[in-house]
Every structure is written in structure tokens, then in C-alpha cells.
Amino acid sequence: MANRRTQAPTAPTVARWLLAKELRRLRGERQFTAVVKAVKTQPSSLARWESGRADGQVPSINSLDRLLAHYEVSDEEAALLMDLRSVAKSPGWWQSHEVAKHYGTLIGLEAAASDMSTYQVQLIPGLLQTEDYARSVITAGAASWRGTEEEIEDRVKVRMRRQEEWVNRGTPHLWAIIGEAAIRQAVGGPGVIRDQLAHLLDLSHRQTRVTLQVLPYSAGSHTAMEMACFTVLDVEEAALSTVYVEGPTANLFLDSPEDLTRYRRIFEHLRKSALGTVDTRALLTDVMEGFTR
């Protein structure tokens, strides 16, 4: 394997991602259609096997066996890739819920990440939301997809479980930059947003877990004004990094060196434009007290 890995990662989403990268590397300069014909599969299948993203798919044992034989990999490498496949097929806890593929991939990567950096303009990041705030956001959004009460509650449970997993693991460290609009929008009413801001203040004191900055209106124009919110996830154990770009109808995972460099630079600029820790707490306190008057 490319990085001479001797042990498969334990997170199924990471294993799927790594297996896909290895299969794409092994194909090398071979023609895509020639490989499809040689291993007697469909083009769409090979494309999904080589994608670690939300549209990816883990090949069956027989399919992977045919691919590895065609690529003439050694017995040792084939055994490692089969181990990787075995982990990749393991179900994640979220698969017992109605979770979209891209969201499941995000949860899987989040569970294995060592560091996360997120920028949110209008919303408090999911890992930092109170249950009432999350329910209000999900309920409001459900109008567009005609969600039932049961579906809304299921999504709230998934969000709360993500937080529970994050707290229990102690990782990843989360660096969150939040637009001022997110803390001034009275999501759920004064009581809900007040509790949400109090929760953020509490979290901001846990510097080992969270670094929180608010990007104030007074910052004026900044480097991410024409962009959607995004999250950079780093999975150290797998030497894997990706950018998750979230949108109302499409969600992307970007992992090219060019994309990663661009988004890291944007985040660095946002850090410089946002308030420091002390000023962030002062603004959170001021806005919170405004909701109590």
C-alpha cells in the first residue's frame, strides 16, 4: 500500500475512504474501460469503488479479489486490503437511523477525526447545539422536505448522539468560527437562544475541546463572503483530510491538495478577522443578556 499501512483503521468510513484511494492508485494509468472489461463489472460499480465520498461503495469480496488479481498485487498487500474492506463494511451506529449518505459520511469522518475546523454563517455548529435549538432548526427546515414529527425527532436524536460520541471520545478538537448573525437570530424564541448562548459560553471555557470565535459584523468584508459554510476534517491516523461543503440541495467532500490549501487559507484569514476568545465571550454575554430583557 502507498503508505505501507500494516493495520486497518477502526472507523468504517475512514476504511472505505482509504480502500477507495488505494483502488484508484492501483489502477494507475490503466484505461478505466479496460479494467471494467477485465474484471467483468459495470463502469458505475468501478467508479463507486474508487470513491470514498458519499457516493462510494465497498466492493464485494469476489469483486475485490478479481480487481486485486488483475492489478497483480502481492499476497501481503491483498490481505491488508481485504482487512480494510472488512472494516469498511462494518455498520456505523447512525445506520439504524434515516440518515442521508453524505451525512453518514460526515458522521463517520467526524468520529475518526483528530481535528476539525468549521465556519458557519447562520447557524451554531451541530456539535455545539442544545437539543432545543437543534429541534427548532430541524423543524424549520423540515417544511422544505415535508418531514413528519417522527422524522424530525429522529434527526434530533442523531445530532444529540453525535455530541455524546464526541464528548465520550474527547476528540476531535473543534475550532469553530461563527458569524454574528448566528448568535443574534432568535432561533426557537428568546428562551431557547438564551440557553444556547449560555451553552456556548460554557463550552468556550473548555479550551482543550473547543476554540470558539465569533466573526463580528464590524469585521466588514472578509475572505468567505461569497462561500457557503464549510468544515475541514483531519484524520491523523489515516493521513486523510477533506473539506465538507454543506448546501441546501448538494453537499460536497473535497480532498484535492488544491482545495485543501484554499480552504485552509480561507480559514486562516477568518481566524484573523474574528474576535479573540475574550472578546467573543464578551459579545456572547452581551447578546445573551439582550434576550433576557
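At roughly what angle do the axes of helix α1 (residues 12–27) and α6 cross? In this predicted model, local features need pLDDT of at least 70 and side-chain atom pairs count only at pLDDT 80 or more, while totals for chains, interfaces and linings use all residues. Residues are numbered from 1 along each chain as its sequence is written, and side-chain values use heavy atoms, with hydrogens and water left out.

The axes of α1 and α6 cross at roughly 100° and come within 7 Å. Axes are lines fitted to C-alpha atoms, for helices over the stretch in contact, and angles run from 0 to 180 degrees between N-to-C directions. Helices (H or I, at least four residues) and strands (E, at least two) are DSSP runs, numbered from the N terminus. On the α1 side, Thr 13, Val 14, Arg 16 and Trp 17 meet Gly 104, Thr 105, Gly 108, Leu 109 and Ala 112 in α6, where contact means heavy atoms within 4.5 Å. By class, this contact of α1 with α6 has four nonpolar, four polar and one charged residues. Ala, Val, Leu, Ile, Met, Phe, Trp, Tyr, Cys and Pro count as nonpolar, Asp, Glu, Lys and Arg as charged, and the others, Gly among them, as polar.

Helix α6 (residues 101–112) also comes within 10 Å of helix α8 (residues 149–169), axis to axis, and the two axes cross at roughly 15°. That angle makes α6 roughly parallel to α8. In this pair, Tyr 103, Ile 107, Glu 110 and Ala 111 of α6 meet Val 158, Arg 159, Arg 162 and Arg 169 of α8. The contact of α6 with α8 has four nonpolar, no polar and four charged residues.

Strand β2 (residues 173–179) pairs with two strands. Six bridges join β1 to β2 in a parallel arrangement, and β2 also pairs with strand β3 (residues 210–215) in the parallel sense over six bridges; pairing requires that DSSP finds at least two bridges between two strands. Thr 118 stands opposite Ala 176 in β2, and Gly 179 has Leu 215 in β3 as its bridge partner. Six of the seven residues of β2 are buried (under 20% relative accessible area; exposed is over 50% and partly exposed in between, with a 1.4 Å probe and protein chains only).

Thr 130 lies in the loop between β1 (115–120) and α7 (131–145). Thr 130 counts as buried because its relative accessibility is 15%. Leaving aside residues up to four places away in sequence, Thr 130 touches Met 160, Asp 195, Gln 196 and His 199.

Conventions. Angles under 35 degrees count as roughly parallel, over 145 as roughly antiparallel, 65 to 115 as roughly perpendicular and the rest as oblique.
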